[in-house]
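Welcome! Take a moment to look over the sequence and the model, and then we can walk through a few of its features together.

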Amino acid sequence: MKISEKIIIIETVGVAVFGAYIGGDFVAALLSHGASNDKDFSAGSLGLAIAGSAVMLLALRLMRKAVGPQHQSKGPRRRD
């Protein structure tokens, strides 16, 4: 596996974890008006975490399409 492929995998996992945190913790607290209990499991928070992760991965995919490849190899310079 090339180093650029490893970087893309690490980047994708990081974005997914960040989206899950935003969806499962931040948005869940906003929707419950700040009354959240971290000690109890909540299926709603799990659903929001999955949705947040999916939204962030979709945004990452759209950004990669708009920007193009992460690293472009440079070809030989042309002399004019």
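Let us start with G52, which touches G19, A20 and G23, leaving aside residues up to four places away in sequence; a contact means heavy atoms within 4.5 Å. G52 lies in helix 2 (residues 43-67), where helices are DSSP runs of H or I, at least four residues long, numbered from the N terminus.

S53 is also found in helix 2. Its contacts are A16, G19 and A20, again not counting residues up to four places away in sequence.

## Buried or exposed?

G52 counts as buried because its relative accessibility is 14%; buried means under 20% relative accessible area, exposed over 50%, and partly exposed in between, using a 1.4 Å probe and protein chains only. S53 is buried too, with a relative accessible area of 14%.

In helix 1, the buried residues are V15, A16, G19, G23, G24 and A28. Helix 2 is included in what covers them.

## The course of helix 1

Helix 1 (residues 3-31) has 29 residues and should span 42 Å at 1.5 Å a residue, which agrees with the 41 Å between its end C-alpha atoms. The expected span is 1.5 Å times one less than the number of residues.

Just after helix 1, H33 takes a positive phi of about 60°.

## About the model

This is a predicted model, where local features need pLDDT of at least 70 and side-chain atom pairs count only at pLDDT 80 or more, while totals for chains, interfaces and linings use all residues. Residues are numbered from 1 along each chain as its sequence is written, and side-chain values use heavy atoms, leaving out hydrogens and water.

Note on methods: Helix = DSSP H or I, 4+ residues; strand = E, 2+ residues; numbered from the N terminus.
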